[in-house]
Amino acid sequence: MIKSPPRLVEEVVNRYVERCIPYAVMFELTYGCNLKCRHCYVTGDDGVELSSDEIKDILDQLAEMGAIFLAFTGGEIFTREDLFEIAWYAKKKGFLLTFMTNGTLITPERIKEIEKLKPVKFEFSLYGATAETHDYITRVDGSFKRTIDAIRGLTRDGIEVTVKTILTNSNIREYSEMEALARELGVHPRMNPGLSPRRDGSPEPLQYDLSFEEMAKYLPEDEGELMLSYLSEKQSSRRFICKAGKAGCCITPSGIVYPCVMMPIAVGDLREKSFKDIWHKNPAYELERLRSLRSEDMTTCNTCDLAPYCIRCPGVVYLETGDLVGASPSACRYAEWRRYSRSYMVMQSTDSALLGQAVL
Amino acid sequence: MVSLHSYPARSDDLVWRMIDGEVVILTTDGNEIHTLNRVGSVIWELSDGTKSLEEIASLICERFDVSSEEAHADVLEFAEELSLRKILQIAEGI
């Protein structure tokens, strides 16, 4: 009557994907933010923000549809005065909550409230190991100190924290220092390259993207393998196909539904239609097209030598080129680097083996 | 000891969703996942702490084409297994 084998998570997620049930939802509560990060993909206000009651109504709909994982993101979520009211409501509706924040507005009082609420994940954005680098990127003096203070406050109270760093040409030189800082803070570091154009297609953030030379110089050789093991699809029949628009979606502050936070294709407005209408009963053409995409539709990428090294995000491709099935210039560059770092590692291990034989 | 006079109630330390008639249960840290078949899912929904296993068994008989003996055996097995995994709390009736 009950099943709990180790591969059940995969089985359940596949069930959600096959039936197009939103398993994980990114809810952008606001585009208001107190930082001005140089690489930010958000392009600003998309209309009047949803009220607390409107958000609660959407959460009711999502719970009824079967959604489990709910991430609150922005903008900066702590600029919303009703954040805890919404979060408590979501918790009572049985969502597993993630907070994504820059942490600068987290006060000791808010830490106490977070401790009671116990979100499953708490993710901070941190862009350097020093105030000089982080504040340069956020364009707000003092932001590094406030973020670090909040992280220390939360970890002191036993809350599990992940620190996410988007690697840019401004902070890549501090890679090792950022790893050391994460260890000292007692947090999980998640450092990845992967800038994207802004949601309106503006390429401005890409001026901070890493060059091949910077990746080869500063990133550890095994970083590429780690990223592949976490993020790439092992089965080639499903390569380049993601859960966006099937088991995952994003809701903007004014209630527009996107298939993914990285894919600003409006597929419905929750002020006009129910989530069920948008997702199941009358899905937009774009949503149906996304759901119907198969690995073999990505003809350029599928036949590419770099395919085994590639983590192609359909959302980033869309932002970069406007073409969901074409190649992604940034993914190609990262894949080139992964192929290079794997051959470097193979070369190193062959050298060691040969050296070992010579000694014997 | 679970008996037909026990009152099962879903634990507070988990979240659950009904997907196409089958229940998916996750622990609140998101680390453990369980699924229930259709009969188990109905028993789960009825396990709100206000009905005894005997009452739940008779509702199962009404909904599925099973004898009361089979329903009794099913609800007892269900309650024992889920209480061992601490996802169901069992209270004894007076």
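Author: Let's start in chain B, where B:Asp20 sits in the loop between β2 and β3 (22-27). Keep in mind that this is a predicted model. The backbone here is worth a look: B:Asp20 is not a glycine, yet its phi is positive, about 50°. Is B:Asp20 buried, partly exposed or exposed? Its relative accessible area is 44%, so B:Asp20 counts as partly exposed.

By the rule used, two salt bridges cross from chain A to chain B, along with five residue pairs in polar contact, where both residues have pLDDT 80 or more. On the chain A side, three elements each bring at least two residues to the contact: β1 (2-3), α1 (8-18) and α2 (52-65). Of these, α1(A) gives the largest share, five residues. Sorted by class, the touching side of chain A has 15 nonpolar, three polar and four charged residues.

Now zoom out a bit. The contact draws on 22 residues from chain A and 25 residues from chain B. About 2,000 Å² is buried between the two chains, and carbon and sulfur atoms account for 64% of that. Three residues stand out on the chain A side: A:Met1, A:Ile2 and A:Arg15 supply 40% of the area that chain A buries against chain B, more than any other three.

Two bridges join β1(A) to β4(B), residues 33-36, and the strands run antiparallel.

B:Lys86 is another non-glycine with a positive phi, about 65°, and you'll find it in the loop between α3 (68-84) and β5 (88-92) of chain B. With 67% relative accessibility, B:Lys86 counts as exposed. In chain A, A:Arg139 comes after α5(A) and has a positive phi as well, near 60°. There is also a cis peptide bond between A:Gly74 and A:Gly75, with omega at about 10°. A:Gly75 belongs to the loop between β3 (69-73) and α3 (83-92) of chain A.

A:Arg80 pairs with A:Glu49, the closest N and O atoms being 3.6 Å apart. The two are 31 residues apart: A:Glu49 is in the loop between β2 (24-28) and α2 of chain A, and A:Arg80 is in the loop between β3 and α3. A:Arg80 is buried, at 7% relative accessible area, whereas A:Glu49 is partly exposed at 33%.

A:Glu123 and A:Arg190 form another salt bridge, with 2.9 Å between the closest N and O atoms. Since A:Glu123 lies in strand β5 and A:Arg190 in strand β7 of chain A, the pair ties together parts that are 67 residues apart in sequence. A:Glu123 is buried at 4% relative accessible area, but A:Arg190 is partly exposed at 36%.

Then there is A:Asp209 with A:Arg333, whose closest N and O atoms are 2.7 Å apart. This pair spans 124 residues, from the loop between β7 and α8 of chain A to helix α14 (residues 329-359). Salt bridges with shared partners also join A:Glu49, A:Arg80 and A:Asp82 into one network. Over all chains the structure holds 19 salt bridges.

Technical notes. Residues numbered from 1 in each chain as written. Chains lettered and ligands numbered in written order. Predicted model: local features only at pLDDT ≥ 70, side-chain atom pairs only at ≥ 80, totals over all residues. Heavy atoms only, no water. Contact = heavy atoms within 4.5 Å. Buried area = accessible area lost by both parts, 1.4 Å probe. Salt bridge = Lys/Arg side-chain N within 4 Å of Asp/Glu carboxyl O. Polar contact = N/O pair within 3.5 Å; in protein donor to acceptor, adjacent residues only side chain to side chain. Helix = DSSP H or I, 4+ residues; strand = E, 2+ residues; numbered from the N terminus. Nonpolar A, V, L, I, M, F, W, Y, C, P; charged D, E, K, R; others polar. Pairing = 2+ DSSP bridges. Buried < 20%, exposed > 50% of the residue type's maximum accessible area, 1.4 Å probe, protein only.
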